[in-house]
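The sequence and structure are shown first.

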Amino acid sequence: MSTQSFAPPASVSIWDAAHAADARRPRSRQRQLGASDTICSRRAGYILHGVERTHSPDMRAAILGTYIHQGLLEDARREYGWLVERTVTDEVLRGHIDIVQLDAATAARLPKRHRPVQPADVVTVEDVKTKSGRIWDRVVRYGPTAAEMRQVLLYADLLRTVGFADVPGQRYLHRLGPIDVQHIRFRFVCRDTGEEHVQEFAFDPWLATEARWWVDRVLEAPTPEDLPRDHDGPGLSVICDNCAFRGTCWPGVPPGMPAQTILVHDDADRAQALADYVRGHEMYREGKRLKEKARAMLADSPEGRYGDNELGWSGGNPKQEVDVAAMVEQFEDADLVVPMLPDAEAMVEVLRRAGMTVPMRKAAGQRTPRSIKVSPARPTA
Ligand code: SF4
């Protein structure tokens, strides 16, 4: 009888499956500008010119975002009858509008079974964005980024000029022709807490034209290198850190040097970088002065909402110190040798190594540092 040993199967990562599925999604393969491609002029240029990607960025957070996004949109479609994930396209742009809410007049032009449960007052294009808790305060305070705004404006403009794309599953919508979008809504959802934050804008044709100019400028550039890098580069910008074209965009970086060194060609560039450094330092000093004064002014203010901001405090708790007398007792109980002159540090080390709790007591009159926490005021319910 042969004795055959079986090696356990090589452990697989569930992310391999997620990445493979993500790579097959149309937006991962298309050459038209998609959702995240208007974030940088140079990146948009690489896509339109069909340049090979040099990197496979870490997509895990984005994929998680996609899962949450799909779940929320599907439930909104089922429960409210909203139009979700509808395609708009022209020869350059292609994208999916997360949610379109039709007004009563437009909805009435649809076959009965396709009409929404509750029409909107005006036609509204909505974008649902999931965000990490790490940047949530910034999202609530400042709303959509310029690139996010540009993307929605472009898609809403496609709806106004072309209408819904003529693709299977939405031919009945395509037959409506151009749609008079009046309103834009961003719905941010925090990936960590589920908190929801909504910001609304009237559709502004001027801003849409500006977004279109941005695309035209990308289209007119003879090469991607004629387009500006809109971000500061690997190591300084997470957008560049996660850009599939960063190898092409930042070529010839000397080993061990920051990518940005390739931006300096001569002494004029050095002079400019130095001038920027000095200006940055001045802005930092002024910002620091402003913050320190405001922090001092607020030192005895209670937590609460003041204007656009929420004031909170952390720390300021009684400080703990090692209780040497209790530790000596603990040593004696455990039959350990107590040094003639108790050496707190060495005794703590012995207790820790033995897996025993180090006794602590409140340090008389001492408190931990108090930290200020300023966050955007949340809308009251
Ligand atoms: S590396 Fe940064 S600057 Fe270059 S194309 Fe990508 S996002 Fe734009």
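At 58% relative accessibility, Asp267 counts as exposed, where exposed means over 50% relative accessible area, buried under 20% and partly exposed in between (1.4 Å probe, protein chains only). The model is predicted, so local features need pLDDT of at least 70 and side-chain atom pairs count only at pLDDT 80 or more, while totals for chains, interfaces and linings use all residues. Residues are numbered from 1 along each chain as its sequence is written, and side-chain values use heavy atoms, with hydrogens and water left out.

Asp267 forms a salt bridge with Arg270, a salt bridge being a side-chain nitrogen of Lys or Arg within 4 Å of a carboxyl oxygen of Asp or Glu. Both residues lie in helix H12 (residues 267–297), 3 residues apart, about one turn of the helix; helices (H or I, at least four residues) and strands (E, at least two) are DSSP runs numbered from the N terminus. Arg270 is partly exposed at 42% relative accessibility.

The whole structure holds 18 salt bridges. Three of them are listed here.

| Pair | N to O distance |
|---|---|
| Arg270 and Asp267 | 2.7 Å |
| Glu321 and Arg361 | 2.9 Å |
| Arg212 and Asp90 | 3.2 Å |

Glu321 lies in strand S8 and Arg361 in strand S9 (residues 360–367), so their bridge ties together parts 40 residues apart in sequence. Glu321 is partly exposed at 28% relative accessibility, and Arg361 is partly exposed at 42%. Salt bridges with shared partners also join Glu126, Arg185, Arg187, Glu196 and Glu200 into one network.

In the pair of Arg212 and Asp90, Arg212 belongs to helix H9 (residues 205–220) and Asp90 to the loop between strand S1 (83–89) and S2, 122 residues apart. Arg212 and Asp90 are both buried. Arg212 is also touched by Asp157, as are Phe203 and Ala208, not counting residues up to four places away in sequence; contact means heavy atoms within 4.5 Å. Asp157, in helix H7 (residues 146–161), is buried yet has no salt bridge, and its nearest side chain of opposite charge, Arg160, is 4.5 Å away.

Val322 is in strand S8 (residues 318–322) and is partly exposed at 26% relative accessibility. Beyond neighbours within four places in sequence, Val322 has contacts including Met327, Val348 and Arg361.

Ile99, in strand S2 (residues 94–101), is buried at 2% relative accessibility. The C-alpha atoms of Ile99 and Val128, 29 residues apart along the chain, are separated by 8.0 Å.

Note on methods:
Lys and Arg count as positive and Asp and Glu as negative; His and the chain ends are not counted.
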